[in-house]
Amino acid sequence: MDKIQLESLTEEQISFQLILHSGNARSKIIQSLREYRNGKVEEADELISQAEADLSIAHDIHFQMVQKEASGEKTSFSLLLMHSEDHLMSTLTMKELVKEVLAIFKSKDSK
Amino acid sequence: MKNILLACSSGMSTSLLVTKMEQHAKSIGDEVRIWAVGQDQAKKEMAQADVVLIGPQMSFLKGELQKEADAYGIKVDVIDMMAYGMADGKKAYEQALSLIGEK
């Protein structure tokens, strides 16, 4: 997917983009655990890689927002924006944890 | 009267989409009921719906929700990525209509 430029979006759309890409990642992370549970290790790994790609899109949008604020341009606050931040951060945590969990499963299952 | 149920993890983002979809439906003279709920409520509320649209953050629940929705003969689908990402009420509304059409 092409890099998203903040200038072309409204503030509301920026929040929706964050939720969309974090949300896609979230679904893939959970699906990854389900695949592993069904013995499909490669599929599980593939879903985690895809989730990381989704998260990097969300992260890039977020990074542009941080840059914008650092350069003195204020982003106006809304509950929706806070909610979208929540989505991004909780999904990042989830991804780190699930990666660790899969690594533990793999080492136990290979014994 | 069409009944469109939107669901996402907390019902927040889809609530906004509801307003935009309603505005579009009104502008073309359609009579609709569109409402949003969090993911836990979705199963309870779908009995009153003609179609269920879910947010991308719960697309992993699509299969499970569709199983429930089969009892009512309605479809469950993930909101189109472009429609969701741009908070495009018109596009989401058209997606809902086409899903109801397939019923």
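These exercises, each with a worked solution, cover a predicted model with chains A and B.

Residues are numbered from 1 along each chain as its sequence is written, and chains are lettered from A in the order in which they are written. Local features need pLDDT of at least 70, side-chain atom pairs count only at pLDDT 80 or more, and totals for chains, interfaces and linings use all residues.

**Exercise 1. State the predictor's confidence in the complex and in chain B.**

Step 1. Take the complex. Its ipTM is 0.87 and its pTM is 0.90.

Step 2. Take chain B. pLDDT is the predictor's confidence in each residue, from 0 to 100. The mean for chain B is 94, and 98% of its residues reach 70 or more.

**Exercise 2. Describe the make-up of chain A.**

Step 1. List the elements. Helices (H or I, at least four residues) and strands (E, at least two) are DSSP runs, numbered from the N terminus. Chain A has three helices and zero strands. Read from the N terminus, the order is α-α-α.

Step 2. Box the chain. Along the principal axes, its C-alpha atoms fill roughly 55 × 20 × 20 Å.

Step 3. Check burial. A residue is buried if 20 or more other C-beta atoms lie within 10 Å of its own, exposed if 12 or fewer, and partly exposed in between; C-beta atoms are placed from the backbone. Of the 111 residues in chain A, 32% are buried.

Step 4. Check contact range. Two residues are in contact if their C-beta atoms, placed from the backbone, lie within 7 Å. Take the contacts in chain A between residues at least 6 apart in sequence: 75% of them join residues at least 24 apart.

**Exercise 3. Trace the partners of strand β1 of chain B.**

Step 1. Find the pairings. Two strands pair if DSSP finds at least two bridges between them. β1 (residues 2–8) and β2 (residues 32–38) of chain B run parallel and share seven bridges. β1(B) also runs parallel to β3 (residues 51–54) of chain B, with four bridges.

Step 2. B:Leu6 has B:Ala36 as its bridge partner in β2(B) and stands opposite B:Leu53 in β3(B). B:Cys8 stands opposite B:Gly38 in β2(B).

Step 3. β1(B) is largely enclosed by the rest of the structure, because five of its seven residues are buried.

Step 4. β1(B), helix α1 (residues 12–27) of chain B and β2(B) form a right-handed β-α-β unit. Right-handed means that, with the strands pointing away from the viewer, the path from the first strand over the helix to the second runs clockwise.

**Exercise 4. Show how B:Pro56 relates to both chains.**

Step 1. Locate B:Pro56. It is in the loop between β3 and α3 (62–70) of chain B.

Step 2. B:Pro56 counts as buried because it has 25 C-beta neighbours inside 10 Å.

Step 3. Widen to the interface. The contact takes 14 residues from chain B and 15 residues from chain A. On the chain B side, α1 and α4 (81–85) each supply at least two residues.

**Exercise 5. Examine the backbone at B:Ala87.**

Step 1. Locate B:Ala87. Its place is the loop between α4 and α5 (89–101) of chain B.

Step 2. For B:Ala87 the angle is near 50 degrees, a positive value in a residue other than glycine. Most residues other than glycine have a negative phi.

Step 3. Check burial. B:Ala87 is buried because 24 other C-beta atoms lie within 10 Å.

Notes:
Lists of a residue's contacts leave out its neighbours within four places in sequence.
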